[in-house]
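Dear colleague,

I am handing over the structure below, and my notes on what was found in it follow directly after.

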Amino acid sequence: ELDELYGRTVDLNVGLHCGPAIVGTLWGSPPTVTAIGDTVNLAARVEQANKDLATRFLTTEETSTELHDSIIIGRSFRRTLPGVAGEHTLVEVLGTS
């Protein structure tokens, strides 16, 4: 629809992980809301993995378990991620149910 209306499309990848994070406002005009922590770092690495895996929306196995019946699952991948210890199972999200 965007291409028809504006001659442009949106191309983005999504990485999703859930867990504790520190969220706060940084000074400035206007102030900026940001989040930091291991959870945020892992989500960013999951988002980056979309490029190598030719996917658009990945989540961690832990998060897909939390979402269980509310998402449609595609392929699973076992990967090491830069800046994150160990191997992680990433799950492709195809949509919501």
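Which residue is the bridge partner of L58 in β6? It is E92. This is a predicted model, in which local features need pLDDT of at least 70 and side-chain atom pairs count only at pLDDT 80 or more, while totals for chains, interfaces and linings use all residues. Residues are numbered from 1 along each chain as its sequence is written, and side-chain values use heavy atoms, with hydrogens and water left out.

The strands (DSSP runs of E, at least two residues, numbered from the N terminus, as are helices, which are H or I runs of at least four) include four that form an open sheet in the order β1-β4-β6-β5, with mixed pairing; two strands pair if DSSP finds at least two bridges between them. Because β1 (14-16) and β5 (71-81) stand at the edges with a single partner strand each, one side of each is left without a neighbour in the sheet. Strands β4 (residues 57-60) and β6 (residues 84-96) run antiparallel and are joined by three bridges.

E92 also meets R75 in a salt bridge (3.0 Å, N to O), a term that requires a side-chain nitrogen of Lys or Arg within 4 Å of a carboxyl oxygen of Asp or Glu. This pair links strand β6 to strand β5, 17 residues apart. E92 is buried at 11% relative accessible area, whereas R75 is partly exposed at 42% (buried means under 20%, exposed over 50%, partly exposed in between, with a 1.4 Å probe and protein chains only).

Three salt bridges are found in the whole structure, including one between R78 and E87 (3.3 Å, N to O).

Best regards
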